[in-house]
Amino acid sequence: MTHVGKSATKVRYICQTYMEQKPGRDGQASLKIGKQFQYSTAAEAQNRAKREAQSQDCAGADAYVICEDPDSGEVGSPSFLVRLGNVPESYDF
């Protein structure tokens with residue numbers, strides 16, 4: 001008899017930075033993802049976002065948590081822990 005167990009949801013804590021791109025034809029500057037770091041705790045992701053947001057080449061930084069179902073590969077929407085500086089609207093994420 002084989003035991004079929006349900007896989008635990010994977011929780012990922014992410015710090016993601018943003019950089020400003022040069023203005024396009026419409027004259028609007030836009031953001032692009034700079035760096036992305038994964039951590040094992042929310043505090044680590046938040047601390048990194050705070051440090052990165054102070055960097056001169058960083059327009060802004062997010063720290064967020066996402067949950068992933070390892071069986072289906074589905075990833076939930078991000079829950080933001082902290083948003084610093086110039087970051088995309090949450091609905092653009």
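Visitor: What should I know about the model before reading it?
Guide: It is predicted: local features need pLDDT of at least 70, side-chain atom pairs count only at pLDDT 80 or more, and totals for chains, interfaces and linings use all residues. Residues are numbered from 1 along each chain as its sequence is written, and side-chain values use heavy atoms, with hydrogens and water left out.

Visitor: In what order do the elements of the protein run?
Guide: Helices (H or I, at least four residues) and strands (E, at least two) are DSSP runs, numbered from the N terminus. Here the order is β-β-α-β-β. The radius of gyration, taken over C-alpha atoms, is compared with a globule rule of 2.2 Å times the number of residues to the power 0.38. The protein has 16 Å, well over the 12 Å that the rule gives for 93 residues, so it is more spread out than a compact globule. Its C-alpha trace spans about 65 × 30 × 15 Å along the principal axes.

Visitor: How many of the residues count as buried?
Guide: Buried means under 20% relative accessible area (1.4 Å probe, protein chains only). Of the 93 residues, 24% qualify.

Visitor: Which residues form the largest nonpolar core?
Guide: In soluble globular proteins, nonpolar side chains tend to be buried together. A nonpolar core is a set of buried Ala, Val, Leu, Ile, Met, Phe, Trp, Tyr and Cys residues joined through side-chain atoms within 4.5 Å. The largest one has 8 residues: Cys15, Phe37, Tyr39, Ala45, Ala49, Ala61, Ala63 and Val82.

Definitions and conventions:
Buried < 20%, exposed > 50% of the residue type's maximum accessible area, 1.4 Å probe, protein only.
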